[in-house]
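User: Could you take a close look at one part of this model with me? I'd like to focus on aromatic side chains.

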Amino acid sequence: GELRLEPRRLRLGARRTSERTPVAHAELPKTATVAELKAQLCLAMGRGVEEVCLWQDSGGRSRLLENCQEQTLEACGLFGGDVLVLDERQVNGTWPLGARPTPPPRMAPGPPAAAPAGSAAALVEAAGSNEEPEPEAEGQAGAAVAPAPLPPPTAATASGSGGRTRLEKRLAKRTAGIANLGNTCFMGSSLQCLANVPALRDYFLSDKYHEAMFTPGSSAEPKGDRLAEGFAALLRRLWRGEGTAVSPWSFKELVERIADRFSGYRQHDSMEFVEFLIDGLKEDCNRVKGKKPYVERADADGRPDGQVALEAANGFLLRNDSDVDDLFVGFEKITTTCPNCGRESVVFDPFLSVKVPLTSPRADHEVQFAVTVLLPESAQRQTSRLRIAARRCGPAGALLTVAAARVGLDPRRCALAEARGARLRRVLEEEDRLDDIMPCDALLLFELDEDMLDMRAMARRRSMLVEDLLPMELVDRLEQVALRAERHCFDTRLESCFEWLTEREQLSEQNAVYCSKCKEHRQAFKKVEFWSLPPVLVLQLKRFEYSSVTRRRLSTPVRFPAEGLDLSRFCLSEAASFPEGRCLRAGQRVTICGLQSAAGQKMNGTEGVAMYLDTGSSRWCVRLHEGDASADWKRLRGANLEPVPPAAPGAARAPRAVYDLVAISKHMGATTFGHYVAYARSCEDGLWRLFDDDEVREVEAEDVQAETEGAYVLFYLRRDCRPPGWGPPQAGGPREDRGGEAGSP
């Protein structure tokens with residue numbers, strides 16, 4: 001695990017509801033309880049503990065701490081520097097932030113439970129309801145404390161005179177939210193997206209995953225915490241519970257025991273959690289038990305692509321064979337060419353998700369920028385509008401030079417400003433990158449007089465912002481022009497991202513590969529192509545860029561279709577990732593062949609079912625007759641088994657690679673902070689919903705497609721997996737307008 005240095009004591013501030021600055025402070029150890037924290041704050045304020053309600057304020061989202069007063073500050077996710085909110089009771093007995101709930105009584109000690117709280121069995125037992133399994137108190141068997149409460153009900157979910165409101169009844173109909181436990185929005189967003197993938201949801205709700213987790217006859221069964229059990233339990237609470245929100249404390253504890261990098265309440269990336277979750281689910285449901293055999297990555301060496309791809313698929317199945325793999329795994333063809341000798345290497349690699357770039361890797365990729373020039377007051381016109389093609393990742397100085405020359409100004413006496421709406425955002429420096437410019441911001445070119453030139457030179461020497469030194473008259477004029485300025489509004493189609501991903505590019509010197517013919521490392525040319533695409537396609541838009549000195553979040557708008565994303569032109573083969581009747585895997589009907597012994601020759605030509613791979617002996621356990629006991633299964637090498645082709649012609653082929661959107665994980669913020677929400681389309685009624693932690697509301701497909709800057713992880717279903725609840729596909733898409741390539745005016 002990683003080494004974390006944390007203060008032994010926490011210094012926390014508290015503010016009143018009506019104020020912005022703290023009015024009281026407390027310094028306590030992390031092991032102190034919330035009740036002790038509240039008592040110290042109330043003493044500093046001169047108020048009784050019954051007159052104040054304590055809330056945690058996390059970026060504008062409040063969480064009531066009253067019902068978890070016996071928990072430690074660390075358990076509640078409080079950190080040094082946090083500012084709490086003190087909600088003081090009014091004269092009329094009301095509370096500004098809502099009615100104060102009555103803390104639930106502690107349960108009396110009782111006999112030990114059948115399964116330890118927090119275990120996989122306890123999760124399954126509690127899965128039929130929305131009640132969180134109550135954790136055991138330390139050192140007290142059977143005693144339990146109530147979990148941290150959800151925020152108080154809002155007007156949309158409060159009970160009416162006749163019971164629950166119409167909105168709450170609709171939300172309780174398999175559309176539950178997931179409470180934010182403190183910087184866990186990344187987890188909630190990821191879970192909502194995966195919980196709405198129909199085939200994955202049905203697989204874990206129907207308990208089919210148990211058949212894969214516990215293979216009959218296999219002695220190598222999974223031990224310890226199982227992510228699949230916790231995920232299935234959470235799905236039952238989301239889809240079969242009665243409440244409008246789920247508090248996933250037990251699931252978070254399970255995740256922390258499996259992967260300590262998710263311990264505590266730090267912010268994480270939703271794609272990181274999606275990959276962790278899919279990888280954990282497929283491993284728990286893996287039919288290959290025990291130590292996995294080593295499989296060498298084979299080069300094509302001139303062999304046909306289909307042969308090498310099938311070899312890669314069978315090699316993958318020797319280590320990974322689950323129904324989760326069938327949903328998410330595709331194969332890509334990677335070709336590297338030595339620039340010196342021309343030797344070509346071709347390999348086929350599996351993938352669980354696709355990370356697509358938002359810009360072309362080509363250095364000459366250009367886009368059109370709209371620049372408004374403020375002309376001298378002596379000119380007949382006040383402004384001039386230009387359209388200038390420049391490298392998307394190029395320096396601002398290059399754009400300034402071209403724009404100034406176009407209107408006859410000296411670039412050395414000009415500056416380029418970026419305005420948002422009617423406000424001047426910044427004056428760009430020559431080395432600033434153009435892809436840092438926010439979409440739909442205005443670019444304003446203006447000339448500097450002698451005084452402003454001197455001020456700019458002084459600002460650079462003193463590391464000051466040039467925009468802070470501009471005369472107010474000039475700032476006012478720039479902002480007035482910005483209201484009427486033309487915006488460049490360049491954006492990108494999702495199909496363009498795939499085009500850029502599959503472009504041939506030359507590797508950098510740091511990524512040079514070894515050429516077996518030249519016997520040296522070379523900056524080879526690399527091309528990635530898709531051999532097969534999975535039924536569920538997970539796409540990550542590469543919005544975060546990291547280097548040794550900078551970290552950036554790209555807000556490049558990406559237009560994506562809600563229906564009819566046709567990727568067939570990017571797919572080299574019509575074969576499925578694991579062609580039926582051509583791959584050797586658990587459950588496949590096989591023909592025994594090639595046995596040389598006298599007893600073995602009698603079995604040649606006999607059909608059976610490959611039950612599982614015994615990794616200890618590297619032999620397949622084959623059942624010859626239905627009902628045979630596992631002790632009677634034959635143990636044979638894979639070389640002596642031939643998959644039986646399917647009876648239906650074309651069963652090994654995959655349907656056309658046309659996809660419909662099912663979910664989005666949206667990110668708002670920057671590289672070091674932000675918030676995640678999810679959009680998901682229910683397979684029950686086909687409606688789109690926005691999941692913002694515990695809040696859920698219906699939205700239109702147009703609202704989802706409008707998230708061009710926030711969309712981060714996209715989940716697409718292949719058209720043959722489209723649930724009946726969605727109805728037939730809309731004619732022609734619907735698609736965004738098919739013109740307007742990235743970078744077009």
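In which helix do phenylalanine 273 and phenylalanine 276 lie, and how many residues apart are they?

Analyst: Happy to! This is a predicted model, where local features need pLDDT of at least 70, side-chain atom pairs count only at pLDDT 80 or more, and totals for chains, interfaces and linings use all residues. Residues are numbered from 1 along each chain as its sequence is written, and side-chain values use heavy atoms, leaving out hydrogens and water.

Both phenylalanines belong to helix H9 (residues 270-284), 3 residues apart, or about one turn of the helix. Helices here are DSSP runs of H or I with at least four residues, strands are E runs of at least two, and both are numbered from the N terminus.

Across the whole structure there are 18 aromatic pairs. Rings of Phe, Tyr and Trp (its six-membered ring) pair if their centres lie within 6.5 Å; planes under 30 degrees apart are stacked, over 60 edge-to-face, and the rest tilted. Phenylalanine 273 and phenylalanine 276 make a tilted pair, with 5.6 Å centre to centre and 45° between the planes. Phenylalanine 273 is buried at 0% relative accessible area, and phenylalanine 276 counts as buried at 10%. Buried means under 20% relative accessible area, exposed over 50%, and partly exposed in between, using a 1.4 Å probe and protein chains only. Ring pairs also link Phe273 and Phe276 with Phe186 and Phe262 into a cluster.
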